[in-house]
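Have the sequence and the 3D view ready as you read.

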Amino acid sequence: MADNNIRAPIQRRLERLRAQWREFAEDPEARLLHWVLAHDEWNLLETFFQVEDHESGATPDLFLRLTTPFEEPEQYGLDVVESLAEQYTSIRDELTAAGADASWTAPRPTRGQDDVDTLLEAAASFHAHHQPLFRHLVLVLLPEGGMPAQAWAQWVERAVLRAREPNVRLVCIDSREAPTLTDVARKQGRRVRTHVADLDMGAALEEVSTAAGRLDTPYGRYRHLYVQLSRALKAKDLGRAEQLASEAAILAHQQKWGHLLVASWFALGAGYLAMGRPVEAIRTYRQAEEAALEAHARGEPTALALRLKVRLALGAAFVSAGSYERGATVYEETAPLAEQLQDTRMLLECWRMAAYCHEMARAPDASWRCGVEGLKVAQRMDDETRRSSTLGYLGEGMVRLTRTWKYRDHGEALTRQLEKLLGPRWRPSDSRGTPS
């Protein structure tokens, strides 16, 4: 019974997602579900897709999650078809063993065919081949990596306008904090259905914590305080958040839980920063760093990694405050800690952000020096780590410096080095260049 009580808040929210899906799926004119979720709701939507993928799923539809990067708008549909075909080939034996006809192949696009038409034709072919196994084929478009918002919205609108087959549906997930498809949904109101998930995950987690019980024990009490703190921060109830963070910190200090003491102050600091109060964030991150140092002195194994995380956040707070010189100092002084932890990704980030801060402080020589240190780190990385790092943004910053008189002769050599490290398309596809 206790387990059922713990699961109930999540089950209710999964059912809310199912209800939203059913309303869309039963609309014969709708082609795109514009699902709007807050950042902390995405994991539950992923759970929804996983549950519906299982044979015990409640909907008669097949959801295919497609993470093909959105790199070239005119090519994206073709890339998705290629990804779909590859996924299908990888599970062909599994489908055959289950008794399905797994002989589908994607139709060849005609010469000059638009990428959207190619994708929709392939999807219709896939649906028809596998009948009557499912009602709708649902293409959940989740491009990996950054993407230019305007180009993405234009592509989605093209897809909505050309979608004809009622049993092929599209799903695009939009951020509640920074939506990009609102205008498309407004202009194509008959063919796009917008659902704001509105799952209130903060309340869900608080309900789960209450159902889990043991609130009269130190650990149970801390757990509940932290959940309540997260909810207060999301609601931007700063007064309550400060009170809850203080209570959680006192409890963690009493129990000598260094990692949880750091977590209390770190959460509050992040809340201050998100609400545009960098001065308070800086003060709170200083408290978190002090707690990490005390935990390290006691021998807690995660203390150094926690200190690294806190110092990177501290640097972001100085950037937010426009205090670039102090930010540069923090990032440079944090680099040895990342080196000690052998975390090359964060070591590169230290040098990248130090270079950025120096650039913003109009100290180009210091910026170039830090950029060079970052390139040295990149050369030590394996290919996968390098691709997932912020090297491209470091490169963009250094390219900006080559437009100045002193570094103008370094441009070609720098570009060759970046192409060697990341390939000819080394530039990031979005404009993220400072910490979030």
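The questions and answers below set values against definitions.

Q: What should I know about this model before we start?
A: This is a predicted model, in which local features need pLDDT of at least 70, side-chain atom pairs count only at pLDDT 80 or more, and totals for chains, interfaces and linings use all residues. Residues are numbered from 1 along each chain as its sequence is written, and side-chain values use heavy atoms, with hydrogens and water left out.

Q: How many helices and strands are there in the protein?
A: There are 19 helices and 5 strands. Helices (H or I, at least four residues) and strands (E, at least two) are DSSP runs, numbered from the N terminus. The C-alpha trace spans about 65 × 65 × 45 Å along its principal axes.

Q: Why does leucine 139 count as buried?
A: Buried means under 20% relative accessible area, exposed means over 50%, and partly exposed is in between (1.4 Å probe, protein chains only). Leucine 139 has 1% relative accessibility, so it counts as buried. You will find leucine 139 in strand S3, residues 137–141. Across the protein, buried residues make up 46% of the 436 residues.

Q: Which residues does leucine 139 touch, not counting those up to four places away in sequence?
A: Contact means heavy atoms within 4.5 Å. Leucine 139 touches Leu64, Leu66, Leu119, Ala123, Arg169, Leu170 and Val171. Valine 168 is 29 residues from leucine 139 in sequence, yet their C-alpha atoms are 7.7 Å apart in space. For the protein, 68% of the contacts with a separation of 6 or more are between residues 24 or more positions apart.

Q: Is aspartate 27 buried or exposed?
A: Aspartate 27 has 15% relative accessibility, so it counts as buried. Its place is in the loop between helix H1 (2–25) and strand S1 (32–37). Leaving aside neighbours within four places in sequence, aspartate 27 is in contact with Arg169 and Arg193.

Q: Why is leucine 205 called partly exposed?
A: Leucine 205 has a relative accessible area of 44%, so it is partly exposed. It lies in helix H8, residues 201–212.

Q: What makes lysine 236 and glutamine 342 exposed?
A: Lysine 236 counts as exposed because its relative accessibility is 61%. Glutamine 342 is exposed because its relative accessible area is 71%. Lysine 236 sits in the loop between helix H9 (218–234) and helix H10 (238–254), and its phi is near 60°, a positive value in a residue other than glycine. Glutamine 342 lies in the loop between helix H14 (324–340) and helix H15 (344–360), and it has a positive phi of about 55° although it is not a glycine.

Q: How do you know that the span of helix H12 is close to the expected one?
A: The expected span of a helix is 1.5 Å times one less than its number of residues. Helix H12 (residues 278–297) has 20 residues and reaches 28 Å from its first C-alpha to its last, close to the 28 Å expected. The buried residues of H12 include Ala281, Ile282, Tyr285 and Ala288. They pack against helix H11 (258–274) and helix H13 (303–320).
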